[in-house]
Amino acid sequence: MSELRYPNESPEYRKARDELLEAEKALVEKVKAVAAMRRQLPPGGQLKEDYSFQWANDGKVGQQVKLSELFGDKSTLLLYNFMYGPGWDNPCLSCTSLMDGFDRSAYQVTQDAAFCGIAKASAEQINNWARTRSWNQIALVSGAGTTYQADYQCQGENDDMQLPVMHVFKKHD
């Protein structure tokens with residue numbers, strides 16, 4: 001394959017593009033190295049408690065569910081905290097976009113792990129938003145009334161200061 005060039009590009013442009021490409025390659029290598037470090041982490045601590053959440057899916061809205069029950073028959077649980085505080089009219093648009101994708105790919109992910117979205121908003125608020133987005137594949141729960149988000153660094157100083165955080169929990173004997 002010949003050297004990459006764009007029509008009528010200047011030598012200054014090509015030099016800058018080549019430098020950018022090298023920086024991007026270095027960044028990819030750094031991301032891979034960080035991912036390898038993440039995979040090598042020793043097990044974290046035991047859960048502070050078996051948090052009691054409320055289902056936010058149609059047909060179950062408001063019913064209690066323990067974090068340990070979210071595993072189902074899987075040994076791994078992916079729990080994504082999306083930014084939707086109890087005082088918010090709607091969740092974060094970026095989180096909504098991620099949740100759109102998570103909902104559409106949940107069937108694939110849940111072959112190997114349990115997958116659930118959680119927010120600090122009420123179960124009713126989450127369910128109403130899920131209906132507007134046609135989320136019907138991913139399990140959804142409300143962490144309202146629990147300290148889960150505060151305990152696991154998913155929020156700032158109060159319930160309305162939410163952060164997007166994905167936690168991976170492993171079930172052991």
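G117 touches Y80, F82, M99, I138, A139, L140 and V141, setting aside residues up to four places away in sequence; contact here means heavy atoms within 4.5 Å. This glycine sits in strand β4. With 0% relative accessibility, G117 counts as buried. The word buried stands for under 20% relative accessible area, exposed for over 50%, and partly exposed for what falls in between (1.4 Å probe, protein chains only). A106 is 11 residues from G117 in sequence and 11 Å from it in space, C-alpha to C-alpha.

Before going further, a word on what you are looking at. This is a predicted model, in which local features need pLDDT of at least 70 and side-chain atom pairs count only at pLDDT 80 or more, while totals for chains, interfaces and linings use all residues. Residues are numbered from 1 along each chain as its sequence is written, and side-chain values use heavy atoms, with hydrogens and water left out.

**The overall picture**

The protein holds 4 helices and 6 strands, and along the sequence they follow the pattern α-β-β-β-α-β-α-β-α-β. The radius of gyration of the protein is 21 Å, well over the 16 Å that the globule rule gives for 173 residues, so the protein is more spread out than a compact globule. Helices (H or I, at least four residues) and strands (E, at least two) are DSSP runs, numbered from the N terminus. The radius of gyration is taken over C-alpha atoms, and the globule rule is 2.2 Å times the number of residues to the power 0.38. Along its principal axes, the C-alpha trace spans about 65 × 40 × 35 Å.

Of the 173 residues, 36% count as buried. Among contacts between residues at least 6 apart in sequence, 66% join residues at least 24 apart.

Which residues touch the most other members of the largest nonpolar core? They are F82, Y84, M99, I126, W135, I138 and L140, out of 22 residues in this core. At least two residues of this core come from each of β3 (76-81), α2 (93-109), β4 (114-119) and α3 (123-133). A nonpolar core is a set of buried Ala, Val, Leu, Ile, Met, Phe, Trp, Tyr and Cys residues joined through side-chain atoms within 4.5 Å. M99 itself touches Y80, F82, G117, W135, I138 and L140, not counting residues up to four places away in sequence. In soluble globular proteins, nonpolar side chains tend to be buried together.

L67 is found in the loop between β2 and β3. Is L67 buried or exposed? At 0% relative accessibility, L67 counts as buried. Beyond its neighbours within four places in sequence, L67 is in contact with L47, D50, Y51, F53, L77, L79 and Y148.

Q54 lies in strand β1 and is partly exposed, with a relative accessible area of 26%. Again leaving out residues up to four places away in sequence, Q54 touches G62, Q63, Q64, A123, L140, V141 and S142.

D58 belongs to the loop between β1 (52-55) and β2 (64-66). At 48% relative accessibility, D58 counts as partly exposed.

| Pair | Apart in sequence | Apart in space |
|---|---|---|
| L67 and L79 | 12 residues | 9.5 Å |
| Q54 and L140 | 86 residues | 8.6 Å |
| D58 and E124 | 66 residues | 9.5 Å |

**Two residues with positive phi**

Most residues other than glycine have a negative phi. S134, which is not a glycine, has a positive phi near 60 degrees. S134 is placed in the loop between α3 and β5 (139-142) and is partly exposed, with a relative accessible area of 45%.

Q153 also is not a glycine, and its phi is positive, at about 60 degrees. Q153 is in the loop between α4 (148-151) and β6 (165-170). At 56% relative accessibility, Q153 counts as exposed.
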